[in-house]
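Good morning. I will go through one structure today, and the slide comes up now.

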Amino acid sequence: MKFEDLRILVVDDNVNMRRLINTILYSVGVREVVEVDNGADALAMIKDWKPDLLLVDYVMDGLDGVEFTRRVRSEIDSSGTRLPIIIVTGYSELWRLNEAKKAGANDFIVKPFTTKALVNRIQRTMSRDLTLTEADRQAEASPAS
Amino acid sequence: MEYLGVLMTTSIAAAEENAYDRPIAWTPELSVGVPEIDADHKVLIELISQINLAADLPEAYTIVGTVLAALSDYTEYHFIREERMQQVVGFPTAEAHHQCHQILGQQVQHYLALYTANPDAVDTQDLFRFLQRWLFEHILKEDMQYVPYCANNPKASEAVIAIGAEFFIDSDVGLF
């Protein structure tokens with residue numbers, strides 16, 4: 001995986017954080033970053049344009065990051081491949097991490113974060129097997145606990 | 001360049017008083033003739049400008065904290081690229097330049113540690129002014145000294161490009 005080949009969608013309702021994430025991604029070589037300020041528009045966008053990875057804010061008006069992830073898993077991942085999602089959040093409680101994981105997020109990064117932490121999250125997420133298994137489907141279909 | 005001209009010449013104190021409200025941007029006068037290094041400088045300027053943009057916002061903690069962490073990581077990366085380039089082209093005062101980098105690296109680490117421990121301990125206006133002034137002065141004074149050795153020199157670009165994003169990849173970051 002080369003960072004310069006990645007297409008990344010940043011979904012965050014805070015314009016300053018979107019700009020900062022975009023700058024950090026650019027600084028490590030990513031050249032195609034699209035920003036969207038809400039989950040509904042992002043969901044509509046990825047029906048036509050598939051990024052390689054999504055960075056999604058946990059707390060947003062309307063669709064929050066967890067609900068957005070559930071919708072992607074149920075509405076977008078039809079081909080059997082998971083669209084990689086990293087949840088970005090200012091909260092670090094374990095229950096939130098578990099909620100994001102159960103919704104189908106591939107990873108989770110807590111703000112403020114270092115460039116190295118973000119790069120490593122992306123690198124490892126992209127190097128995983130992203131095939132959607134039956135166990136994934138069952139886990140994500142069950143009610144959140 | 002008018003802003004930089006003011007900042008760098010007669011009235012630093014007066015310029016600093018107003019600098020917080022002014023946008024900062026890369027201009028061609030800052031070019032060192034090596035596109036990859038110019039790109040690094042643009043990233044640093046953009047990161048510093050985001051401290052200014054976020055300083056008074058409710059989410060300032062997460063943004064300023066992330067900018068400081070990014071500056072810490074990115075200055076380390078940029079300095080290594082720049083010093084490798086100087087080594088390859090035989091820049092004679094590379095050691096003095098390295099010392100400048102060391103000092104700023106330590107200062108950024110200091111601010112990052114201070115901010116991480118207690119965000120209220122760091123005045124973001126002072127932080128912005130310090131970083132802005134340091135970067136522009138460093139480019140215009142120290143970096144310009146290597147221009148005769150590096151500008152339009154393919155070996156300089158090759159040396160910089162050889163150190164890429166893999167610099168940021170560690171093996172100890174946990175996942176789900």
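How do α1(A) and α4(B) stand relative to each other, roughly parallel or roughly perpendicular? Keep that in mind for a few minutes. Before the answer, please note that this is a predicted model.

Let me start with chain A. Its secondary structure comes to six helices and five strands. If you read along the sequence, the pattern is β-α-β-α-β-α-β-α-β-α-α. Chain A has 145 residues, and 40% of them are buried. Take the contacts in chain A with a separation of 6 or more: 65% of these are between residues 24 or more positions apart.

Now the sheet. The five strands form an open sheet, and going across it the order is β2-β1-β3-β4-β5 of chain A, with parallel pairing. In chain A, β2 and β5 are at the edges with a single partner strand each, so one side of each has no neighbour in the sheet. On average, neighbouring strands of this sheet are turned by 20 degrees against each other, if direction is ignored.

One is β1, residues 7–11 of chain A, with β2, residues 32–36 of chain A; they pair in the parallel sense over five bridges. Within that pair, look for Ile8(A), which stands opposite Val33(A) in β2(A). To get from β1(A) to β2(A), the chain goes through helix α1, residues 15–27 of chain A, and this β-α-β crossover is right-handed.

The other pair is β3, residues 53–57 of chain A, and β4, residues 85–89 of chain A, which run parallel and are joined by four bridges. Here Leu54(A) has Ile85(A) in β4(A) as its bridge partner. Helix α5(A) packs on the sheet and touches β3, β4 and β5 of chain A, and its direction makes about 180 degrees with that of β5(A).

There is one backbone detail in chain A. What kind of peptide bond joins Lys111(A) and Pro112(A)? The bond is cis, with omega at about -10 degrees. As background, most peptide bonds are trans. Pro112(A) lies in the loop between β5, residues 107–110, and α5, residues 115–127, of chain A.

Next, chain B. How many helices and how many strands does chain B have? It has eight helices and zero strands. Along the sequence, that reads α-α-α-α-α-α-α-α. Of its 176 residues, 33% count as buried. For contacts in chain B between residues at least 6 apart in sequence, 76% join residues at least 24 apart.

Helix α3, residues 35–54 of chain B, and helix α8, residues 154–161 of chain B, have axes that come within 8 Å and cross at roughly 50 degrees. That angle makes α3(B) oblique to α8(B). On the α3(B) side the residues are Pro35(B), Glu36(B) and Ile37(B), and they meet Ser157(B), Val160(B) and Ile161(B) in α8(B). By class, this contact of α3(B) with α8(B) has four nonpolar, one polar and one charged residues.

Chain B also has a backbone detail. Asn152(B) is not a glycine, yet its phi is positive, about 55 degrees. Most residues other than glycine have a negative phi. Asn152(B) is in the loop between α7, residues 147–150, and α8 of chain B. Is Asn152(B) buried or exposed? Asn152(B) counts as exposed because it has 10 C-beta neighbours inside 10 Å.

Last, the two chains together. The contact takes 28 residues from chain A and 25 residues from chain B. On the chain B side, the elements giving two or more residues are α3 and α4, the latter being residues 60–89. α4(B) gives the most to that side, with nine residues. By class, the chain B side divides into 16 nonpolar, five polar and four charged residues.

That brings us back to the opening question. The axes of α1(A) and α4(B) come within 11 Å and cross at roughly 10 degrees. The two helices α1(A) and α4(B) are therefore roughly parallel to each other. From α1(A), the residues Asn16(A), Met17(A), Leu20(A), Ile24(A) and Ser27(A) meet Ile63(B), Thr66(B), Val67(B), Ala70(B) and Tyr74(B) in α4(B). This contact of α1(A) with α4(B) has seven nonpolar, three polar and no charged residues.

Methods. Residues numbered from 1 in each chain as written. Chains lettered and ligands numbered in written order. Predicted model: local features only at pLDDT ≥ 70, side-chain atom pairs only at ≥ 80, totals over all residues. Axes fitted to C-alpha atoms, helices over the stretch in contact; angles between N-to-C directions. Parallel < 35°, antiparallel > 145°, perpendicular 65-115°, else oblique. Contact = placed C-beta atoms within 7 Å. Nonpolar A, V, L, I, M, F, W, Y, C, P; charged D, E, K, R; others polar. Buried ≥ 20, exposed ≤ 12 C-beta atoms within 10 Å, placed from the backbone. Pairing = 2+ DSSP bridges. Right-handed = clockwise from strand over helix to strand, strands pointing away.
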